[in-house]
Every structure is written in C-alpha cells, then in structure tokens.
Amino acid sequence: MPSAFNPQAATDIYCLLFEQYETLDLMGPVEFLFRLPQTRLHYVSQSCGMVVSRQGFTVQTQRLYRLPENSILLVPGGQGTRPLAQDTAFLRDLGAWLEQAACCLSVCTGAALLAASGRLDGLPATSNKQAFDWVRSVGGMVDWQPSARWVAAGRFYTSSGVSAGMDMTLGFIADHYGLAQAEAIATHCEYIWHDNPADDPFAVSALTS
C-alpha cells in the first residue's frame with residue numbers, strides 16, 4: 001500500500017482516459033486540480049495515443065506504467081466504462097495502479113471500474129444515479145450509497161454523475177489542502193460549490209423513476 005497522501009509534497013495527478021469517456025468528468029476536476037500548488041497533470045491511458053471522449057474531444061495520452069509516490073489517480077466515467085468493466089486485462093492494470101496511488105478520485109461511472117477491480121469491496125461509494133443499477137451490478141461487495149453527492153472513504157473519493165465530480169474535487173481539496181483553498185479556487189472559477197456531500201438532489205427521482 002502507498003504511504004499517506006502528503007499535500008505539502010510535489011504531487012503527480014494522472015488522468016486515466018479511455019475511449020468514450022465523459023468530457024466534463026475529466027475537465028471539471030482538472031480545472032480545480034490544476035490550481036493546486038506543486039502539482040503536475042498527466043493525461044494517460046492503458047496503451048497511449050489519441051483518446052476520444054463521447055463528445056468528440058481528443059487528448060494525446062502517454063502510456064501509464066506505474067504511479068510514483070504521492071500521486072493521485074483521476075478516473076472519469078462515461079459510456080466507455082461498460083466494456084472496460086468486463087475487460088480483465090484493463091482491470092488487472094487498474095488494480096495495480098490503484099494500489100500505487102496515494103489517492104483516487106472517480107467521477108460518475110468511473111466508480112464501476114474501481115468496483116470491478118475489487119478495490120472498493122467493503123467501502124462506501126457512490127456513482128451516477130441514472131446508471132446506479134448497472135454500477136451496483138458490477139460491484140456487489142461495495143457499500144453503495146444511493147443518496148450522496150460524493151463519498152470519501154479513506155484514499156478513495158467517488159462522486160455521483162458528471163458535474164458532481166467538480167463538487168467532489170473541491171471536497172477532496174478541502175480535506176487535504178484546507179477549506180480556504182477549496183473556497184478560493186471555487187471563487188476564482190466563479191463556481192457555486194455544493195459543499196455538502198450528503199445533499200443529493202438527484203437521488204430520489206433517479207432511483208424511483
């Protein structure tokens with residue numbers, strides 16, 4: 001297991017991309033993480049090359065081999081999570097990367113990939129409420145939270161759908177860098193932060209429809 005995350009040290013943030021990821025799942029958190037001190041952002045994938053989001057946004061990625069000490073892994077969601085949740089080679093690599101990461105932030109159905117790797121077993125987590133039944137079917141040993149904007153469980157942070165990843169990221173920043181830092185970043189970006197992780201306005205309607 002990696003050592004505890006140290007926000008005072010240099011931090012590498014690895015954004016793990018795959019075909020048909022959801023653009024805002026990536027770019028929302030990146031906008032905030034970019035503003036942290038001593039951080040370096042890397043856009044990576046299992047095999048390198050150009051990766052295209054569901055909205056057609058293209059990113060040149062490097063191949064991810066191993067995460068260094070004190071690194072953060074960001075895992076977006078999107079339609080591309082469906083085949084990957086059944087891809088044993090990808091899940092094997094993801095499991096290794098999760099073991100190396102000091103912290104992992106997953107957005108939307110990215111939590112399904114963490115669950116499929118087995119690394120969320122026994123932990124509370126959440127995901128996109130529009131896809132909640134599918135996500136739960138992928139990780140039967142996870143303590144899925146049907147009403148949560150985001151969930152922090154040790155070094156794992158999971159969020160509800162798409163824009164919720166931005167609120168989760170600010171929550172992560174508040175936890176590790178201080179509330180003032182999170183609020184300053186939100187203000188600089190003119191973003192209204194929904195700072196209560198238990199306030200999930202989409203949970204009831206999504207799960208009863």
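Biologist: How do H1 and H6 lie to each other, roughly parallel or roughly antiparallel?

Modeller: They are roughly parallel, because that label covers angles under 35 degrees and roughly antiparallel covers those over 145. This is a predicted model, where local features need pLDDT of at least 70, side-chain atom pairs count only at pLDDT 80 or more, and totals for chains, interfaces and linings use all residues. Residues are numbered from 1 along each chain as its sequence is written, and side-chain values use heavy atoms, without hydrogens and water.

Biologist: What is the angle between H1 and H6, and how far apart are the axes?

Modeller: Helix H1 (residues 23-33) and helix H6 (residues 164-177) pack at about 30°, axes 8 Å apart. Helices are DSSP runs (H or I, at least four residues). Axes are lines fitted to C-alpha atoms over the stretch in contact, and angles run from 0 to 180 degrees between N-to-C directions.

Biologist: Which residues of H1 make the contact?

Modeller: Leu 24, Gly 28, Pro 29, Phe 32 and Leu 33. On H6, the residues include Met 166, Leu 170 and Ile 173. Contact means heavy atoms within 4.5 Å.

Biologist: And H6 with H7, what angle there?

Modeller: H6 and helix H7 (residues 179-188) pack at about 145°, with axes 6 Å apart. Leu 170 and Ile 173 of H6 are among the residues in that contact. From H7 come Leu 179, Gln 181, Ala 182, Ile 185 and Ala 186.

Biologist: How do the residues of that contact divide?

Modeller: Into 8 nonpolar, 1 polar and no charged. Ala, Val, Leu, Ile, Met, Phe, Trp, Tyr, Cys and Pro count as nonpolar, Asp, Glu, Lys and Arg as charged, and the others as polar.

Technical notes:
Helix = DSSP H or I, 4+ residues; strand = E, 2+ residues; numbered from the N terminus. Parallel < 35°, antiparallel > 145°, perpendicular 65-115°, else oblique.
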